[in-house]
Amino acid sequence: MKAYFVVSDVHSYYSEFIKALNEAGFDINNSEHFLVLCGDAFDRGSEAVSMFNFMKSLNDRLIYIRGNHEDLLFDCVKDLKENEGCASIHHYQNGTVDTIIQFKNANILEEVLEFIDNHTVDYFELDKYIFCHGWIPTKYNNNLDLDFKKEATTEEWQKCRWFNGMAEWHKGNKLDNRTVVCGHWHCSYGNYNYHNIGSGEFESDSSFESFVDTGIIALDSCTAFSKKVNVLKILI
């Protein structure tokens, strides 16, 4: 039986990530254990190199979905090259410049960029699940029901990577027969606004546990704040 361990938005917090993965039962030596990473592997944390080395070691047992921070990494590299080592302020605020420094100090920046280009996908499907970063592009079919728009353009996927999946789900942009597993936006948003858990999104009683409801599982635990990583385990 294959086991898929699904995480999102690790943001270079490798220690927290590997602790959560081990607690969920992931065995790196088990050929039937797969990692589905729903984007934003890097930025913000200080363990980008360790994160990359682990991802690379999984070979074809890694399903790596592209997130907005993967896009930002390429944007930042371009920005630095075109502006003589200077980057837009948001690249500093997002931690992208620091991530590039970590990779450059380890002499692996070009390897990382090539790895992302060659290994990331916009989405992954498994049984009744669709895995993405922010949300999926949708369209209406002949019965006026929402369907997954698999033929979406690169530009459409880039836009979807920035969507708050819980907000999209709440306003009705969801599928009737599939569960979308996403990241990108902190789970406390949905737990507070839609499940009435806690007194706010970033309070002492806020819940960063996975947001789970009919048709959605959101995983982003905002590790920089909560110091935890949510792991979804699916057995097939």
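Helices α1 and α2 are oblique to each other, a class that takes in the angles left over once those under 35 degrees are counted as roughly parallel, those over 145 as roughly antiparallel and those from 65 to 115 as roughly perpendicular. In this predicted model, local features need a pLDDT of at least 70 and side-chain atom pairs count only at pLDDT 80 or more, whereas totals for chains, interfaces and linings use all residues. Residues are numbered from 1 along each chain as its sequence is written, and side-chain values use heavy atoms, with hydrogens and water left out.

Helix α1 (residues 14-23) packs against α2 at an angle of about 40 degrees, and their axes are 9 Å apart; helices are DSSP runs of H or I with at least four residues, strands are runs of E with at least two, and both are numbered from the N terminus. The axes are lines fitted to C-alpha atoms, for helices over the stretch in contact, with angles running from 0 to 180 degrees between N-to-C directions. On the α1 side the contact (heavy atoms within 4.5 Å) is made by Y14, F17, I18 and L21, and on the α2 side by S50, M51 and F54. By class, these residues divide into six nonpolar, one polar and no charged, where Ala, Val, Leu, Ile, Met, Phe, Trp, Tyr, Cys and Pro count as nonpolar, Asp, Glu, Lys and Arg as charged, and the others, Gly among them, as polar.

The contact involves E70, L73, F74, V77 and K81 of α3 together with L109, E110, V112, L113, I116 and D117 of α6, and it comprises seven nonpolar, no polar and four charged residues.

Both α3 and α6, together with α2 (48-57) and α4 (89-93), are among the elements that cover the buried residues of α5. Within α5 (residues 96-105), the buried positions are T96, V97, T99, I100, Q102 and F103, buried meaning under 20% relative accessible area, exposed over 50% and partly exposed in between, with a 1.4 Å probe and protein chains only. Helix α5 is followed by N107, whose phi is positive, near 60 degrees.

Most residues other than glycine have a negative phi.

N173, in the loop between α8 (165-170) and β9 (179-182), is buried at a relative accessible area of 13%. Its side chain forms polar contacts (pairs of N or O atoms within 3.5 Å; within protein, one must be able to donate a hydrogen and the other to accept it, and residues adjacent in sequence count only if both atoms are side-chain atoms) with the side chain of T138 at 2.7 Å and with that of E168 at 2.8 Å. Apart from neighbours within four places in sequence, N173 is in contact with W135, T138, L146 and E168.

T223, in helix α10 (residues 223-226), is buried at 4% relative accessibility, and its side chain reaches the backbone oxygen of K228 at 2.9 Å.
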